[in-house]
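This report concerns a protein chain and its ligand. Please consult the sequence and the model shown here.

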Amino acid sequence: MRIDIATLFPEMMESILSESIVGRARKKGAIEIFCHQIRDYTLDKHRRVDDIPYGGGKGMVMQADPINNCYNAVCEQIGCKPHTIYMTPKGNVFDQQKAVRLSQMENILLICGHYEGVDQRILDKIVDEEISIGDYVLTGGELPAAVVTDAVARMCTGVLSSPECYEDESHYSGLLEYPQYTRPEIWEGEAVPPVLLTGHHKNIAQWRLEQSLRITGERRPDMLEKYLEQHNSK
Ligand code: ADE
């Protein structure tokens, strides 16, 4: 899979996405990520990419043309039109289901907005969906794009050692994850739940499911209700 990111801060994106699991996955070629400086695509001699809003109001609006030129350059590089996503607090809220869907695509392009937003005409022309990472407003789309990239990349083949690494986790199955323990067996007088030391796989799986159901019910009754509806109708 290839992820392209159009941004005014490519160095910021590179610094996040060159580290840890995503950084290693890029180095070994399990995933490709390219960050593009939108400013490189303006024809303005002062490299401006924004202007005042028609109709008045505070702040500046990013112009259509530099983003359009950047989009065309990406299309040319990959030889097709990428699934194009604009990061905005006005978008649909990101979740694990969206991450799974995006991880199955060959090419996605994330557009990071800044200032008071982006000229609506470029959004109407190239954007397939708008995504928010939550009901709060950040200074730009870079951190949201990094969040989406991380969540999507870790489900691409070869990024984690096996699909089990994410299939057992919170949100993937529709439940929150069970508690985990490691050595020592007793820490500050607190013992590991005995069933985990038995080596009895069926009992361990049963205990983990019960814990997941309990934690989800306590913390996210909305998720538990959905999960039970789906499982009771099967
Ligand atoms: N840009 C600013 N805030 C955002 C958010 N919450 N989600 C996505 N993009 C954003």
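The sections below treat the basis of the model, the domains and the ligand site.

## Basis

The model is predicted; local features need pLDDT of at least 70 and side-chain atom pairs count only at pLDDT 80 or more, while totals for chains, interfaces and linings use all residues. Residues are numbered from 1 along each chain as its sequence is written, and side-chain values use heavy atoms, with hydrogens and water left out.

## Domains

The chain is assigned domain 1 (2–153) and domain 2 (168–232); such bounds come from an automatic or database domain assignment. Between the C-alpha centres of domain 1 and domain 2 the distance is 36 Å.

## Ligand shell

Polar contacts here are pairs of N or O atoms within 3.5 Å. A nitrogen atom of the ligand lies 2.8 Å from a backbone N or O atom of tyrosine 136. For leucine 138, a polar backbone atom is 3.0 Å from a ligand nitrogen atom, and for threonine 88 a backbone N or O atom is 3.2 Å from one. The ligand alone exposes 260 Å², of which the protein buries 96% (Shrake-Rupley method, 1.4 Å probe).

Terms used
Polar contact = N/O pair within 3.5 Å; in protein donor to acceptor, adjacent residues only side chain to side chain.
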